Amino acid sequence: MKQDWQQGDLEQLNRDGVFYLRGENMSRLETFVDAAFAFAITMLVISVDNIPDNYDDFVTALLQTPAFIACFFQLAMFWMGHRAWSRRYALETTGTLWTSLLLVAGVLVIVYPLRVMFSAGFGFLSNEHLPVPFQLSFEQIRSIFLFYGTGFGVLCALIASLFWQALKHANHLALTPLERFSTRIDITSWLILSGTGWVSCLIALSVNGEWVVLAGWLYAGLGIVMPLHSMFARKALGRQINQESLQKPPGRRS
C-alpha cells in the first residue's frame with residue numbers, strides 16, 4: 001500500500017465533485033477488473049450461439065435487444081461503482097484485492113441468470129411477443145429470482161464493502177471531511193441496493209403461484225427509491241458544504 005497521502009499530494013490531483021482523484025492512473029487490479037467486465041458483456045451479445053443464417057433467426061436475434069440492453073446496464077452499474085471507487089481512492093490492500101476478485105467472480109457467475117431473468121421478464125410484459133429462452137413454471141421462476149436476488153445482493157454488498165474499506169483507511173488516504181461524508185452516502189446507496197436483492201429473495205420464498213412475480217417487480221421500486229435517496233443525499237451534502245464554508249476563516253473563503 002502506498003505511503004500515507006499528504007495534503008500537498010492531494011493539491012496536485014484533479015477533482016471530481018468533492019473528491020480528489022487519487023487513482024486516475026490505472027492499476028493492474030483495475031485493468032483486470034475492466035477486462036473481466038468486458039468479457040462478461042461479450043457473453044451477453046445478441047445471438048450468442050451463432051450468427052443468424054435466415055431472416056426468422058435474424059428477427060429473433062433483434063427481438064432480444066431489450067433484454068440485452070437491460071443486462072448491459074445492470075453490469076455497467078457494477079462496473080461504474082468499482083470505477084468510481086478506484087478513481088477516488090486508489091486503495092490496494094489485501095482486503096480490497098480479494099473483494100474486487102470476488103466481485104469479478106460474482107459478475108461472471110450471474111451473467112447467464114441475468115439474461116434469463118430479463119428475457120423472461122420482457123417476454124412476460126410483451127405477452128411473449130419478445131422471445132423467452134425457455135418456458136418456465138412459477139416454481140422455476142422462484143428459483144431464478146432467488147439466484148438472481150442472492151447474486152445482486154452479494155455484488156452490491158461487495159461494492160459497499162469497498163467504499164467501507166476506503167472509509168476505514170480515511171487517515172491513510174487523507175480523506176477530507178466532505179469526502180468522508182460522501183463516502184458514507186455511497187455506502188448507504190449500495191446497501192439499499194443490496195437490501196433490495198435480499199428482500200426480493202424473501203418475497204420469492206414467501207409467496208406462491210403467480211404472486212412470485214412480485215419478487216421481480218420489487219426491483220422496479222428502485223426507480224423511485226434511489227432518486228429519492230440521491231435527492232436527500234445531495235441536500236445533506238450541500239448542508240455539509242455550507243457548514244464547512246462557515247467554519248473557514250474569512251480570509252480563506254472563496
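S100 sits in helix α5, which spans residues 94-125. The model is a predicted one.

**S100 and its surroundings**
- Leaving aside residues up to four places away in sequence, S100 touches L29, V33, H82, W85 and L162.

**Largest pocket**
- Two or more lining residues come from each of α4 (65-89), α5, α6 (138-168) and α9 (214-217).
- Helix α5 provides the largest share of this lining, with nine residues.
- By residue class, the lining of the largest pocket has 24 nonpolar, seven polar and one charged.

**Second largest pocket**
- A84, R88, D186, S189 and W190 lie closest to its centre, out of 23 lining residues.
- The elements giving two or more residues to this lining are α4, α8 (177-206) and α10 (222-247).
- Helix α4 gives the most, at seven residues.
- The lining of the second largest pocket splits into 12 nonpolar, five polar and six charged residues.

**Helices to look at**
- Helix α5 carries S100 and also lines the largest pocket.
- Helix α4 contributes to the lining of the largest pocket and to that of the second largest pocket.

Note on methods. Residues numbered from 1 in each chain as written. Predicted model: local features only at pLDDT ≥ 70, side-chain atom pairs only at ≥ 80, totals over all residues. Heavy atoms only, no water. Helix = DSSP H or I, 4+ residues; strand = E, 2+ residues; numbered from the N terminus. Contact = heavy atoms within 4.5 Å. Nonpolar A, V, L, I, M, F, W, Y, C, P; charged D, E, K, R; others polar. 1 Å grid on protein atoms, 1.4 Å probe; cavity = no way out; pocket = protein on both sides within 12 Å on 5 of 7 lines; lining within 4 Å.
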